[in-house]
Amino acid sequence: MAFYVVQFLTGLASAAALFLVASGLSIIFGVTRIVNFAHGAFYMLGAYVAFTLTERFSGALGFWGGIVVAALVVAAVGVLVEMVLLRRIYHAPELFQLLATFGLTLMVEDLVVLIWGPDDLVGRRAPGFRGAIDFFGQNVPSYDLFLIALGPVVLGVLWLLFQRTRWGILVRAATQDRDMVAALGVNQKWLFTSVFALGVFLAALGGALQIPRDAVNHAMDLRVIVEVFVVVVIGGLGSIIGAFVAAVLVSELNAFGILIFPKISIILVFLVMAVVLIVRPWGLFGKPEAPARRTPGLTVNPWRPLTSNERLAAIAALIVAAALPFFAGNYALTVGSEIAIFVIFAASLHFLMSVGGLASFGHAAYFGLGAYGVALLAKLAGLPMIACLLLGPLLGLAGAAVFGFFAVQLSGVYFAMLTLAFAQIVWSIAFQWVSVTGGDNGILGVWPSSWAASPSHFYWLSLGIAALAVVILRIIVFSPFGFALRATRDSPLRSEAIGINGKRIQWTAFVIAGTVAGLAGALFAYLKGSVFPDNMGISLSVDALVMVLLGGVETVSGAVIGAIVYKALNIWLISKTDLSKLVLGAFVVLIVVAFPKGIVGTLETILYRRRKSTSSPSPILTSRIETAE
Amino acid sequence: MSMAPTLLSVEGLTKSYGGVHAMRGVSFELRAGEILALIGPNGAGKSTCFNVLNGQIIPDSGRVRLLGEETTGKKPRAIWRMGVGRTFQITATFPTMTVRENVQVALVSHGRQLFNLWASTANQARDEAGRLLDLVGMGAYAERPCGELAYGDLKRLELAIALANQPKLLLMDEPTAGMAPRERIELMRLTARIAREQSIGVLFTEHDMDVVFEHSDRILVLNRGTLIAEGSPQEVRGNAQVRAIYLGDGLLYDARHREGASA
């Protein structure tokens, strides 16, 4: 019995940090409508800065001073980020906001390694809370008890802040209607900045308070942000009470899940989240979502199938690409195969994002499932390559069918958070279920049959499948189904009023995209000869998002160009620098702020303008990204 | 007219939000080919009534039947399949598509081709879409991006979309709100003509009394969730209670009407 009580207390102690980060995320979202993906990065920064302050400056500040000053320092960094970056994108489509803050996360991950080194750092114990308390023969660290008490105290302070201060009232008013608050003469710039600072302070404090419990490392940002997303999805984005209750719930589920499913404890959290989503899609304490801002809005040139000239150009490009083996070496062909595979992967996500308006932040899950499907079929069942390539992607299909069903119940930022959480769940299953997946060691020795084994043959195979996949996806875009999907994206109200079952259409699109991604993963397994959990990791999901964005999210198949340019750059970049995440993150931020239409989108706009230059230019064509005023 | 069959029958609709009674026992009938206006001050329950008929809101009690078939509790898309077209107070169209494609999507849905992954939509019901656009006077705009249309044109496009499933009943929530006076008259004349020709029942809400008195066969007056009057435009205009609550003394209307008659 005592053991379960101790387990319960450990869960409560973990909830404190989770609550601090989740409440910060909720407060920022409430006012600015930005889901700050970089919140985990601020949490991690809080821990690193607190480590330095408590180690180096403990004389001047003391331990507790170090913790608080660390949170303040990181909050100041947050203010800088808000003023330099976020102010430029408050009116941008939410996809761009998610991507920009994600780019920040990537940059911080490399910066942290650059400054503090790659090794885990073990911080000192908190003075006064070094020992443990004996509880019927079980030890409970006294610091845990401190954290357990801290959660409700912070909740109370926040409540007082929002109920009793003028600033808090303004924040609550802005949460309900920020335009009205601006119309009343409140300085919105200052309000947004201060809210962001508070949110970042809470996240950094959560991170700083972790140093006596856990080693500080450069992967803690993604771990916490995924848990926080689960917390806000369960508790309801924008609700501080919801963040508290859900943080406790998730932490307890984690604490006891380990006892029930020691290998895959995250399953229990997933099940609870699934139930909450079915019963209350907007979370336990959340309010039903206001209609999401339209993600498209940068261009209005209607989509057209290729003209016969454009079709000829595409075929010519394909022929040139197919001629590569006649003048390129094996390394170039392997790179070519990889690019072709990523064209398939990016095209599948692009279909979901541009046609469906569903920005998945965990698309790599289905890529990875396809890869594992092939590896398991080839290694366990010993099936030939053709059979594996046909059947392997079905695992991606199955995963997309299960997760997609839940994901399409939500839209916008909730959809993004949920898909990311699902991808992390799939990743941790691959990582933890060692007996089947081999865990971190992956599955090795997945080699193509002899007919496809040579680099040139494999290249032609990949190129052929890529061309086929892109053509099929384009046909679907212009099919009645594609139009129904666009209709659901453009106006859920109108599409429902003309008999379209939007959820079922979106679910079907999710399954199509997942299956095509699975196909890409299947080929990738044969290209590399192995599969690893990283084949479904977050960085791969981000790669796909960047390819789509680079090509142009509002084009029909800009992702093809995006994938080719990005993958070529990426392979070249990795050979040049160790700080690929820093460069990549900066690249993402730059595209979002300076180049939101992408390569193909920009070209199309130029052509469209030229075609229309006889008539007066439409004001709608001008970019809608504005700065916050 | 009075021989036309009953199209829509609404019995005892009640809906409250917390302590606010949006509708209290609202009952009325609508015949095929009839144009029925639903008027009343803000907060009278017009929108709630519309959203119940359309399936967006489930009433606390009461029932709605379309040609004898119950629609209460059905989803909007199911009610649409039963033959109810709808336009919205704030237009809802597909801004990234062309005008023609907007209508084509509705036609494709009506033809139950939504899960067709292979055919080209460009060839789906193209002529039918063109015919509907001609009908509402939008034929010349067929290839324009919908996002570039002026507001009045969007209203006409919505009408074309609403007609795509050959509806028996049209629900129009403030069809002329935000339009210039001349556009209002044109749109309502068009609606009335189509309703007569195709024997479609029309229920609309409207704040412009010129439009209401000019184009409706019958008027329902709602106040605080209760029907307080029902009758021909003349009857409703003469109703003292309606004047007191909603219309005012109507001097302006009378004056303008007399002017128009003498001109």
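Me: Two strands pair if DSSP finds at least two bridges between them. In β4(B), which residue is the bridge partner of Thr14(B)?

Reply: First, some ground rules: this is a predicted model, where local features need pLDDT of at least 70, side-chain atom pairs count only at pLDDT 80 or more, and totals for chains, interfaces and linings use all residues. Residues are numbered from 1 along each chain as its sequence is written, while chains are lettered from A and ligands numbered from 1 in the order in which they are written. Strands (E, at least two residues) and helices (H or I, at least four) are DSSP runs, numbered from the N terminus, and five bridges join strand β1 (6–17) of chain B to its antiparallel partner β4 (61–66). In β4(B), Thr14(B) is bridged to Ser61(B).

Me: Which strands of chain B stand at the edges of the sheet?

Reply: Follow the order of this open, antiparallel sheet of four strands: β2-β1-β4-β5 in chain B. An edge strand here has a single partner, so one of its sides is left without a neighbour in the sheet. That describes β2 (20–31) and β5 (69–70) of chain B.

Me: Are α13(A) and α20(A) roughly parallel or roughly antiparallel?

Reply: We compare N-to-C directions on a scale from 0 to 180 degrees, with axes fitted to C-alpha atoms over the stretch in contact. Helix α13 (330–355) of chain A packs against α20(A) at about 15°, with the axes 8 Å apart. Under 35 degrees counts as roughly parallel, over 145 as roughly antiparallel, 65 to 115 as roughly perpendicular and the rest as oblique. The pair is therefore roughly parallel.

Me: Which element gives the most to the side of chain A that touches chain B?

Reply: Contact requires C-beta atoms, placed from the backbone, to lie within 7 Å, and 26 residues of chain A reach 33 residues of chain B this way. Elements of chain A giving two or more residues are α20 (455–477), α21 (480–490) and α22 (492–497). With seven residues, the top contributor is α21(A).

Terms used
Two residues are in contact if their C-beta atoms, placed from the backbone, lie within 7 Å.
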